[in-house]
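This briefing covers pockets and a helix pair. Please load the model before reading on.

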Amino acid sequence: PMGQCHTALANVDLVSLVDAKPETPDDLKLKLVIPQEAEEKARTLLREIGISDGTPFLILHPTSRWMFKCWTDEGNAKFLDEAESALGLRPVVTAAPAAVEMEKISRILAICKTKPAVLAGRTDLMTLAALIRRARLFVGVDSAPVHIGSAVGTPVLALFGPSGQKEWHPWQVPYRTIQRLAWSCCPCGQDGCAGTKRSRCLDDIQAVEVLSAAKHLLSSLDASA
């Protein structure tokens, strides 16, 4: 069965057994120190794709090491096609350089009607963190970059399928999650439906839902500014 609380709190409970309790709310925040070299590389990469300092953009990271956690190519493409007009943010696509991830990015871009900015396969982990820190919004599936977003303070929209958002949702940043929690089988914790490596609960998510969730998240940020 899935856990009953966020993994961060479960870990706090564990270390509290040896009296290592956090003393302030800041002690519970994720923190990531980004080297200056990575910051400079991120700035250079953004300039190469036409995004100067101060230009508002979002990052879409469609991939995960575990591909059964990924949203559909069609959904990603439609989101990219409509993101700039719907959200006022230039979409930038990122991914790890692994072959399976780059193949997915190629499929997504092949069916896009627009031409999003692409930095997939061009960053190391710290440069990716620097890019996410500069973004107005991070959009992705349950994977490490979601938690990088939390660690650098960027609002996150995360799509969940078979993994549990209760335990793994973005931590202590403004966020939204999308998951088919009304389905009796979700979250199942399995690697896709019936061993297929495809997750029907993710396939069912529509681009309009993701765009709407992103819009509401951004609106809530503007309202609280």
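Helix 6 gives the most to the lining of the largest pocket, namely three residues. Helices are DSSP runs of H or I with at least four residues, numbered from the N terminus. The model is predicted: local features need pLDDT of at least 70 and side-chain atom pairs pLDDT 80 or more, while totals for chains, interfaces and linings use all residues. Residues are numbered from 1 along each chain as its sequence is written, and side-chain values use heavy atoms, without hydrogens and water.

**Largest pocket**
- Its volume is about 280 Å³, taken as the space filled by probe spheres set on grid points joined across faces, edges and corners.
- A pocket is an open set of points on a 1 Å grid over the protein atoms alone, where a 1.4 Å probe fits, with protein on both sides within 12 Å along at least five of seven lines; lining residues have an atom within 4 Å of a point.
- Of its 20 lining residues, His61, Arg65, Ser143, Ala144 and Pro145 lie nearest the centre.
- The lining has nine nonpolar, six polar and five charged residues (Ala, Val, Leu, Ile, Met, Phe, Trp, Tyr, Cys and Pro are nonpolar; Asp, Glu, Lys and Arg charged; the others, Gly among them, polar).

**Helix 5 and helix 6**
- Helix 5 (residues 125-134) and helix 6 (residues 144-152) each supply at least two residues of that lining.
- Leu125, Leu128, Ala129, Ile132 and Arg133 of helix 5 meet Pro145, Ile148, Gly149 and Val152 of helix 6 (heavy atoms within 4.5 Å).
- The residues of this contact divide into seven nonpolar, one polar and one charged.

How values were computed: Axes fitted to C-alpha atoms, helices over the stretch in contact; angles between N-to-C directions.
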